[in-house]
Amino acid sequence: MPGTAVGASRAIFALLLITLLSGAAAAKKPGEALSATEKGQLKNPHAGDKQAVDAGHKLFMSAGCNGCHGGTGGGGMGPPLTNAVWIYGNDDDTLFRLIALGSDDLAKAGYARKGTEAVVGPMPPFKDIIKSDDDLWKIVTWIKSLGATKGASK
Ligand code: HEC
């Protein structure tokens, strides 16, 4: 029935609008927390949260991280996120800043390289692509769920 279809799409539209508006109200660009917080002090509010892990994987895919790191984080043009080598470290603060700033600006912010992976270029900045701190933290939560950050894998 055409009438039903219109009703349904109106309902979907309204839902979408609510989602977008509530997202916009909560959204805070990742860059803001960076300059306001001292080195080493950013903490993941979603640490260990299973729902954030799944949401984080979706965001990882939609931001295009998989293009370089692979859909399951196994690596490609970029380093694997599943092995125990962490170029700049694997704490919350470092991972958040690396993803937001990219590797060149991370180095400028005083974060030194510690490990080496077979990579050909820099990690690009995502602070203008990922919508909010919250989304970026969910991505970090997913990366942490891969197990390598616990030192469990070889
Ligand atoms: C254009 C390719 C590319 C894209 C897209 C990309 N990365 Fe990277 N990423 C890299 C490269 C290259 C490095 C290594 C940088 C270095 O050696 O300084 C890296 C490093 C990393 C590391 C550190 C890995 C380690 O072993 O220490 C993490 C974590 C990471 N990226 C997460 C992400 C996330 C999350 C996204 C999406 C928001 C993303 N990357 C998108 C290329 C990419």
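Q: At what angle do the axes of helix α3 and α6 cross, and within what distance do they come?
A: In this predicted model, the axes of α3 (residues 50–62) and α6 cross at roughly 105° and come within 7 Å.

Q: Why are α3 and α6 called roughly perpendicular?
A: Angles of 65 to 115 degrees count as roughly perpendicular. The crossing angle of α3 and α6 is roughly 105°, and the two helices are therefore described as roughly perpendicular to each other.

Q: Which residues make the contact of α3 with α6?
A: From α3, the contact draws on Ala52, Val53, Ala55, Gly56, His57, Leu59 and Phe60. From α6, the partners are Asp135, Lys138, Ile139, Thr141, Trp142 and Ser145. By class, these residues comprise 7 nonpolar, 4 polar and 2 charged.

Q: What makes the pair α5 and α6 oblique?
A: The angle between α5 and α6 is about 120°, and their axes are 10 Å apart. Roughly perpendicular ends at 115 degrees and roughly antiparallel applies over 145, with the rest counted as oblique. On that basis α5 and α6 are therefore oblique to each other. The handedness of their crossing is right-handed.

Q: Which residues of α5 and α6 meet?
A: Asp92, Leu95, Phe96, Ile99 and Ala100 of α5 meet Leu136, Trp137, Ile139, Val140 and Ile143 of α6. The contact of α5 with α6 contains 9 nonpolar residues, no polar residue and 1 charged residue.

Q: How do you know whether Ile143 is buried or exposed?
A: The criterion for a buried residue is 20 or more other C-beta atoms within 10 Å. Ile143 has 22 such neighbours, so this residue counts as buried. Ile143 lies in helix α6. For the protein as a whole, 27% of the 154 residues are buried.

Q: What makes Gly89 partly exposed?
A: A residue is exposed with 12 or fewer neighbours and buried with 20 or more, and partly exposed in between. Gly89 has 17 other C-beta atoms within 10 Å, so Gly89 is partly exposed. Gly89 is placed in the loop between α4 and α5.

Q: Which residues does Gly89 touch, leaving aside those up to four places away in sequence?
A: Gly89 touches Thr94 and Lys114. Gly89 and Gly115 are 26 residues apart in sequence, and their C-alpha atoms are 7.9 Å apart.

Q: Which residues come nearest to the ligand, and which helix gives the most to the shell around it?
A: Among the 28 residues around the ligand, Cys65, Cys68, Gly78, Ser103 and Met123 come nearest. α5 gives the most to the shell, with 4 residues. At least two residues each come from α4 (66–69), α5 (92–108) and α6 (133–145). The shell divides into 21 nonpolar, 6 polar and 1 charged residues.

Q: What secondary structure does the protein have, and what pattern does it follow?
A: The protein has 6 helices and 0 strands, and along the sequence the pattern reads α-α-α-α-α-α. Of the contacts between residues at least 6 apart in sequence, 72% join residues at least 24 apart.

Conventions:
Residues numbered from 1 in each chain as written. Predicted model: local features only at pLDDT ≥ 70, side-chain atom pairs only at ≥ 80, totals over all residues. Near = placed C-beta within 6 Å. Nonpolar A, V, L, I, M, F, W, Y, C, P; charged D, E, K, R; others polar. Axes fitted to C-alpha atoms, helices over the stretch in contact; angles between N-to-C directions. Parallel < 35°, antiparallel > 145°, perpendicular 65-115°, else oblique. Left-handed = near helix turned anticlockwise from the far one by under 90°. Contact = placed C-beta atoms within 7 Å.
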